[in-house]
Amino acid sequence: MIDIKKVKEEAQREVYEEKMKEAKAKVKKKMQELESAKVIVKNLERELEDIYATISEGV
Amino acid sequence: MPQFPRGYDSLFFQSRPIEVYFKGFRSDTRTLQAAGWQLSIEQQENTPYRGYKCRLAMQHVESGILMYAHEPIDIDLEVVMCSYVVEAAKRQLTGPFTVQHVVTNHHDIHLHVVRSGSRFNFQAVDAEPLMMPVDNVSLRDLCVFRTITPDSEILVPPQSVPELLAHIQSLQDPKQKEIRERNKKRDARERLNDAPKIARVEAQIITLAGYR
């Protein structure tokens, strides 16, 4: 005899887990993009600092 | 604050002052506006590429006077807007407006006006001259001629945000490498400058063997 209640619970849990997985993947992807963008900004800041230093050295 | 009409048509009014006459008095749109007159023009049927006729109405709220130049003048856009506008101004090719009707607060002027949409033909205008750069462009440069053969389709490779970010980073890489090298040299120089000065000790070995 199959326990319908148990099946429903399990199915619901799996649906929830799938949704969680999808959400996590989305968040992860966006975080990675954000990290990349931060690296780019950091690089630009470094370039700016380098320009300041170069100017102050009279180069 | 009046809403001045925007666009090509209204610009003629700001190009240079147009003279306004009234029974021996002479003034111009700019001077009148500066003296507190509120100006309004009515555009009449025109040939859009060339110009149009217009009438002037104005009021001086403080004095309670309303004036109306019933006789329309020709506005030649080509003359007013083109590069020889200065010459045109000298020759007074546009205007003057001649005021025919003047009433005070106790009277009014009744006109037959045609409504188009929600606005009257009369529109408030700004008579303050406006400097507008006019470029001398060749007809060929205007690119007004349509090509007969259809333009080949420009294909832009589809790129996602992560790909573009990676591409930007790769473009930054050579510069970053240079900067790192320079920073290393700077650090080395600074370390050298900051290093404590070690006193040089000069030692001299003297042998005492001969003094026995």
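Start by selecting A:Asp50: this residue is buried, with a relative accessible area of 5% (buried means under 20%, exposed over 50% and partly exposed in between, with a 1.4 Å probe and protein chains only). You are looking at a predicted model, where local features need pLDDT of at least 70, side-chain atom pairs count only at pLDDT 80 or more, and totals for chains, interfaces and linings use all residues. Residues are numbered from 1 along each chain as its sequence is written, chains are lettered from A and ligands numbered from 1 in the order in which they are written, and side-chain values use heavy atoms, with hydrogens and water left out.

**Stop 1: around A:Asp50**

B:Arg186 forms a salt bridge with A:Asp50, with the closest N and O atoms 3.3 Å apart (a salt bridge is a side-chain nitrogen of Lys or Arg within 4 Å of a carboxyl oxygen of Asp or Glu). This pair joins two chains, because B:Arg186 lies in helix α5 of chain B and A:Asp50 in helix α1 of chain A. Helices here are DSSP runs of H or I with at least four residues, strands are runs of E with at least two, and both are numbered from the N terminus. Both B:Arg186 and A:Asp50 are buried.

Now show B:Arg182, A:Glu57 and B:Arg189 too: salt bridges that share partners link them with A:Asp50 and B:Arg186 into one network. The side chain of B:Arg182 meets that of A:Asp50 at 2.7 Å, N to O. B:Arg182 itself is partly exposed, at 29% relative accessibility.

What else does B:Arg186 touch? Leaving aside residues up to four places away in sequence, it touches A:Asp50, A:Ala53, A:Thr54 and A:Glu57, where contact means heavy atoms within 4.5 Å.

**Stop 2: along α5(B)**

Select residues 161-194 of chain B to see the whole of α5. Its buried residues are B:Leu165, B:Gln172, B:Gln176, B:Ile179 and B:Arg186, and their cover includes α1 (4-56) of chain A. Look at B:Asp173, shortly before the proline B:Pro174, for a kink of about 40°; the bend is the angle between axes fitted to the seven residues ending at a residue and the seven starting there.

**Stop 3: over to chain A**

Chain A has one helix and zero strands, and 12% of its 59 residues are buried. Pick A:Arg13 and A:Glu17, whose side chains meet in a salt bridge (4.0 Å, N to O). They are separated by about one helical turn, because they sit four residues apart in α1 of chain A.

**Stop 4: the sheet in chain B**

Next, find the open sheet of three strands, in the order β2-β1-β6 and with mixed pairing. The edge strands are β2 (25-28) and β6 (97-98), each pairing on one side only. Strand β1 (residues 19-22) runs antiparallel to β2(B) over four bridges; strands pair if DSSP finds at least two bridges between them. B:Glu19 stands opposite B:Asp28.

Between β1 and β2 of chain B, click the loop residue B:Lys23. Its phi is near 45°, a positive value in a residue other than glycine, and B:Lys23 is exposed at 70% relative accessibility.

**Last stop: B:Val99**

Is B:Val99 buried or exposed? B:Val99 is buried, with a relative accessible area of 5%. It is found in the loop between β6 and β7 (101-103) of chain B. Among the residues that B:Val99 touches are B:Tyr21, B:Met58 and B:Tyr68.
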